[in-house]
Amino acid sequence: MNEEYVLQKIRDIYPDEKHIPQGVLYAKLKTAIQKDVSKTLSNLFQNGKIKYSKTLNDILITIPNEYE
């Protein structure tokens, strides 16, 4: 992720000019970015580039040796 990615994400969810106040809420931006991360992680898992296992309170993500 870089500055251009964040700026583009803001542009993507920016409301039309009739919406007041004009701007993007931080929570909405964070949710949009989180969806992108989840989608990317799902693709990596389906392609076997990462593995995951459930811990007591979270999910542990690992990289198989062939992709390190």
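Mentor: Quick ground rules: residues are numbered from 1 along each chain as its sequence is written, and side-chain values use heavy atoms, with hydrogens and water left out. Since this is a predicted model, local features need pLDDT of at least 70 and side-chain atom pairs count only at pLDDT 80 or more, while totals for chains, interfaces and linings use all residues.

Trainee: Okay! Why is leucine 29 called buried?

Mentor: Buried means under 20% relative accessible area, exposed means over 50%, and partly exposed is in between (1.4 Å probe, protein chains only). Leucine 29 has a relative accessible area of 11%, so it counts as buried.

Trainee: And which residues is leucine 29 in contact with, leaving aside its neighbours within four places in sequence?

Mentor: Contact means heavy atoms within 4.5 Å. With those neighbours set aside, the partners of leucine 29 are Val6, Lys9, Ile10, Ile13 and Val24. Leucine 29 itself is in helix α2; helices are DSSP runs of H or I with at least four residues, strands are runs of E with at least two, and both are numbered from the N terminus.

Trainee: What makes lysine 9 and aspartate 36 a salt bridge?

Mentor: You need a side-chain nitrogen of Lys or Arg within 4 Å of a carboxyl oxygen of Asp or Glu. Here the N to O distance is 2.8 Å, so the pair passes. This pair joins distant parts of the chain, with lysine 9 in helix α1 (residues 3–13) and aspartate 36 in helix α2, 27 residues apart.

Trainee: Are those two buried or partly exposed?

Mentor: One of each: lysine 9 is at 13%, so it is buried, whereas aspartate 36 is at 23%, so it is partly exposed.

Trainee: How many salt bridges does the structure hold?

Mentor: Two. Glutamate 4 and arginine 11 form one of them, at 3.1 Å, N to O. Glutamate 4, at 46%, is partly exposed, and arginine 11, at 48%, is partly exposed too.

Trainee: What makes a nonpolar patch, and which residues are in this one?

Mentor: Patch residues have over 30% relative accessible area and no salt bridge; like charges are joined within 9 Å, and nonpolar side chains (Val, Leu, Ile, Met, Phe, Trp, Tyr) within 5 Å. Areas come from the Shrake-Rupley method with a 1.4 Å probe, and for residues only the protein chains shown count as cover. Val37, Leu41, Phe45, Tyr52, Ile59 and Ile61 make a patch of about 530 Å².

Trainee: Which element gives the most to the patch?

Mentor: α2, with three residues.
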